[in-house]
Amino acid sequence: MTVRIIDRRQDSRNKSSINRSRFIRRFKGQIRKAVADAIAQRGIRDLESSGKIGIPGKDISEPQFRHGHGGIRETVHPGNDRFHRGDEVDRPAGGSQNGPGGRASPDGEGMDDFVFTLTRDEFLDIFFDELALPNLIKRQLARVEDFKRVRAGYTQTGMPTNINLIRTMRGAAGRRVAVGAPYASRLRRLQAELEQALDEIPLDTLEIARLQHEIAVLRAKREAVPFIDPFDLRYSNRIRIPEPSTQAVMFCLMDISGSMDENKKQIAKRFFMLLYLFLNRSYEHIEVVFIRHHTVAEEVDEDAFFHSRDTGGTVVSSALKLMHEIIRQRYASNLWNIYGAQASDGDNWDNDSSVCREILSESLLPLLQYFAYIEINEGQPQNLWLEYEQLATRHTGHFAIQRIKEISDIYPVFRELFRKRLA
Amino acid sequence: MTRKRKHLIADSSDWTPESIARYDAEIGRVAKAYGLDCYRHQLEIITAEQMMDAYAAIGMPVYYHHWSFGKHFLETENRYKRGHMGLAYEIVINSDPCIAYLMEENTLTMQALVIAHAAYGHNSFFKGNHLFRQWTAADAIIDYIVFARNYIADCEERYGVDSVEDLLDACHSLANLGVDRYKRSAPLSLDKEKNNQREREAYLQLQVNDLWRTLPRHDVATPAGEEERFPLEPEENLLYFVEKHAPLLEPWQREIVRIVRKINQYFYPQRQTQVMNEGWACFWHFTLLNTLYDEGRLSDGFMMEFLHSHTNVVMQPPYNSSWYSGINPYALGFALWRDIRRICENPTDEDREWFPAIAGSDWRETFDFAMRNFKDESFIAQYLSPRLMREFRLFAILDDDSLGKLRINAIHDEHGYRALRLKLSEQYNVGSSDPNIQVWNVNLRSDRSLTLRHFAYHRRPLADSYETVLDNMARLWGFTVRLEEQRPDGEIRQIAERKSERRRNATN
């Protein structure tokens, strides 16, 4: 009788996934806060990777009736190296239950953060949650890219249905020639010798018989070279490549004048992230260009983009001009899909706003797929908004503007985008 | 000194089902020769991820769903991935057949170690020890948990995930005080449990309603001043009391309280016998594999790897090591069982004086008796020898918060042996490590308030978590709940009170 061995490795994986999602559901508040912190620290491009999230350990404890500190306790410990009966020692700092010298863990209150890793899906889920996106859109964004299968040469292994006959037979013929070649040349030599022998007088019958025999053997050997060998088989190879294979560049324009505070920048960051995420679904390769401006515009890296402040006035047109310049130099528009996203609190020098409108409608919009502007402002619309409003009516489908007070107001900007895509 | 090893069971270190079966057969043969009495067992090969799953679900192959298991899973996974811990080599389930998990990434040596440890060591302990025999029905546990999971899933569908989750939270927080410490439970089977459940549902509701009958009863006249107590005797099993007497619970809620209570009761013996049980399993994997080695069935390489793991498991760092986190139950248990065997086989004069009954006796018989009839507390009180105390260099510290310093009360010397043994035994008394909180009284005549009384042990106060737990108790009870503390000197004071929200909502 042998023991029963059951291989459970193929059984339901992720049995804990329900418990896991329950956990996330239960502590959504804390996790969302942690995700918000994480987003603030992450780059726009890393949004989709999963990441470690820490929430305070105290919040998720499972309380029970337990003894607290105090009272009388006697504990036995191993490894006595210095004590005698009746010795008195000071209490170790921090806690008393571990005995002298033992590592006293700070108890109760000071629990460490509970750190765990959210999967990409969970992370995006919470990210979207905050943005109040409808489900359909979430699915669009979270979807893993489609692949298409394309031919990619030939392989030596594969399905019988994929056998490539021409390649296989060509290979077989080549092999037959190659393998048979030594026989063929010896055969030709023997044939010549045989003819010579037959011509000689008197006939050397022994020699003739030997040559004839050898020729027969070689012929048999040559015949034995297989017509087709498993070695010859060639299969058409197909590989999966991501479907979207075009490229895009995304321009992030942001006002960093003194009035853009940290909160407004975070809202702007969400907006840029979402646009990036959307583009990432549609294009295989994306470049992101960050342009910040106050009275003059400059191209910076992401870190400097989000984490610098400046004072002084605001000239929006400087950023638009720089954007146009960069497009002209680096992104010839027939090769690149160009998207622009601008965030600002709406402040601009009075006479500059009409310049902005002109630059956009005359030189930029014709080059762009889409330009989205958000004004993060709770008060009255500013003059830039009024100018842009005129553009929006003329360029529907390419140009969207939105005023944002909270993060969830971002969505309407994208509704336009997605409607286009879904159609 | 190399002996010739001709009849190796297997010589590769990668396992195959066949080589595992061969090892199992050989280990089983030796175990039988030693007279180990085991349940049938089955070995299940699982991945590391599944091992973590099983961890989170307290080792059970099926379990109901709750966020706390998700939390434990994340915790384990995180520590595992960061390399802070290796996974436990084994999980074994006290069921008939006994299920032992083997992790796929272990080497063949480790699989053999786990088989000897879990499938023969723990298995025979589950079958023999009186606590397990009395409290757990090995043939029914899996069925019961399947029943529990389905029942709870059903409730989630019917009453919503949130309300079930709240209830489970409340039950879990009372779980450590939801065990019968002295009464005996009856074994269950799945069908019986299902039928019982329906009957119970109807009957319990009847009982409760009767208890809270609002019509005045004239036939029982209580003399003024002498309040009728309910319950007549204080009840230590809080969950049991809630299940039977909480006035406002729905029948399905009572059933869930019962499920948590039952499952918790099932694990209670494991808490009481950790040192014995782990030590027993370690002793047997050590003995069985060494026997096989002596027979020439195992290679030197196998033994090196095995001894390496074994030593890691039974290592006891001293109190001042940075690795120290209390006494390692594996180390203590293993040493105890080894020491008993030594006392039986090679007793010294000291042993004869301390253990007249077992010194020089047949070790297999002594083992069998000890394994069957003790729990950690009594096992240590009975078998911890002076020699072992010296080996571990044990010492006892008194931490009295009314004194300025800690006092070393006893060390491993002539004066200290008995005291040390008593104190160590007390340390494994599950009864005194959990606070002693009992249902003291229910005010039947007016506001239905429930009073819990904490009997302070050695003046130890309750940890702050009692606030939350009391909230949970109030949620279950549905009316006001109070918590009192009784000092050793008899002084009683109320430490907390929860007015039930439900009650308030009803009156508003």
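1. In which sense, parallel or antiparallel, do strand β1 of chain A and strand β1 of chain B pair? In this predicted model, strand β1 (residues 4–7) of chain A and strand β1 (residues 41–46) of chain B pair in the parallel sense, and four bridges join them. Within this pairing, Asp7(A) has Ile45(B) in β1(B) as its bridge partner.

2. The contact between the chains takes in 75 residues from chain B and 56 residues from chain A. On the side of chain B that touches chain A, helix α3 (residues 67–81) of chain B gives the largest share, eight residues. Sorted by class, that side of chain B has 36 nonpolar, 23 polar and 16 charged residues.

3. Chain B is divided into domain 1 (17–129 + 273–308), domain 2 (314–432) and domain 3 (434–507). Taken over C-alpha atoms, the centres of domain 2 and domain 3 of chain B are separated by 38 Å.

4. Chain A holds an open sheet of six strands with mixed pairing, in the order β10-β9-β8-β11-β12-β13. Because β10 (297–300) and β13 (399–404) of chain A stand at the edges and each have a single partner strand, one side of each is left without a neighbour in the sheet. From one strand to the next, the twist averages 20°.

5. In this sheet, β8 (residues 247–255) and β11 (residues 337–344) of chain A pair in the parallel sense over seven bridges, and Met250(A) has Tyr339(A) in β11(A) as its bridge partner. Helix α9 (residues 316–330) of chain A packs on the sheet, where it touches β8, β9 (285–293), β10 and β11 of chain A. Helix α11 (residues 383–394) of chain A also packs on the sheet, touching β11, β12 (370–376) and β13 of chain A, and its direction makes about 145° with that of β13(A).

Methods
Residues are numbered from 1 along each chain as its sequence is written. Chains are lettered from A and ligands numbered from 1 in the order in which they are written. This is a predicted model: local features need pLDDT of at least 70, side-chain atom pairs count only at pLDDT 80 or more; totals for chains, interfaces and linings use all residues. Domain bounds come from an automatic or database domain assignment. Two residues are in contact if their C-beta atoms, placed from the backbone, lie within 7 Å. Helices (H or I, at least four residues) and strands (E, at least two) are DSSP runs, numbered from the N terminus. Ala, Val, Leu, Ile, Met, Phe, Trp, Tyr, Cys and Pro count as nonpolar, Asp, Glu, Lys and Arg as charged, and the others, Gly among them, as polar. Two strands pair if DSSP finds at least two bridges between them. Axes are lines fitted to C-alpha atoms, for helices over the stretch in contact, and angles run from 0 to 180 degrees between N-to-C directions.
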